[in-house]
Amino acid sequence: MQNPKAKGNLYEKEWAEYIRDIDPTAQRNYGSGSGVAKSDVHNSLGYEFECKRVEKLNIFRAIEEAERHASQAHTIPAVVFRRNRMEGSYVAIPDWHFKDLVKKARGPKTIEKMDLREQKWAVNNLIVSAK
């Protein structure tokens, strides 16, 4: 069985690696929670990531922690979490920020803005509709 602190540190590192393709500066914040930098993952995205890899998550306590750290750093609080042996993670963000993200995403979408999966889907739909 893995030490809970080591498991948490590993998850913070995994999350930093996961988001590195959208933020090359992302890295685990060693000593997170102490000193000025409170975020579990240092990043330039404007989020205060609180990473939790536990079987039973007290989501409200995690949100309060992220909000407290975000208010000090003037960033957006985000709780990243998953269970053991679970594929992928979930991210809890404030509702107002979710709404802003959706509004921005609904802007005009060109093929250049689509990822490869979306491009394949769009091309396939064009071919089907042309038949």
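Helix H2 (residues 59–73) contains 15 residues, which at 1.5 Å a residue should span 21 Å. Its end C-alpha atoms are 21 Å apart in this predicted model, in agreement with that expectation. The buried residues of H2 fall within an arc of 100 degrees when viewed down the helix axis, so they line one face of the helix. Ala62, Ala66, His69 and Ala70 are the buried residues. On the other side of H2, Phe60 and Arg61 are exposed. The cover over the buried residues of H2 includes strand E3 (47–53) and strand E4 (76–82). Histidine 74 follows H2 and has a positive phi, near 60 degrees.

Helix H1 (residues 4–19) was examined in the same manner. Its 16 residues should span 22 Å at 1.5 Å a residue. The end C-alpha atoms of H1 are 23 Å apart, which agrees. Buried positions in H1 are Lys7, Tyr11, Glu12, Trp15, Ala16 and Ile19. Strand E1 (27–28), strand E2 (41–42) and strand E5 (90–92) are among the elements that cover the buried residues of H1. E3 and E4 also contribute to this cover.

The surface was considered next. Ile111, Val123 and Ile127 form a nonpolar patch there. Together, these residues have about 240 Å² of accessible area. Isoleucine 127 belongs to helix H4 (residues 116–130). Its relative accessible area is 45%. Buried residues lie under 20% and exposed residues over 50%, so isoleucine 127 is classed as partly exposed.

Conventions
Residues are numbered from 1 along each chain as its sequence is written. This is a predicted model: local features need pLDDT of at least 70, side-chain atom pairs count only at pLDDT 80 or more; totals for chains, interfaces and linings use all residues. Side-chain values use heavy atoms; hydrogens and water are left out. Patches are made of residues with over 30% relative accessible area and no salt bridge: like charges are joined within 9 Å, nonpolar side chains (Val, Leu, Ile, Met, Phe, Trp, Tyr) within 5 Å. Accessible areas come from the Shrake-Rupley method with a 1.4 Å probe; for residues, only the protein chains shown count as cover. A salt bridge is a side-chain nitrogen of Lys or Arg within 4 Å of a carboxyl oxygen of Asp or Glu. Helices (H or I, at least four residues) and strands (E, at least two) are DSSP runs, numbered from the N terminus. Buried means under 20% relative accessible area, exposed over 50%, partly exposed in between (1.4 Å probe, protein chains only). The expected span of a helix is 1.5 Å times one less than its number of residues. The arc is that of the directions from the helix axis to the C-beta atoms. Contact means heavy atoms within 4.5 Å.
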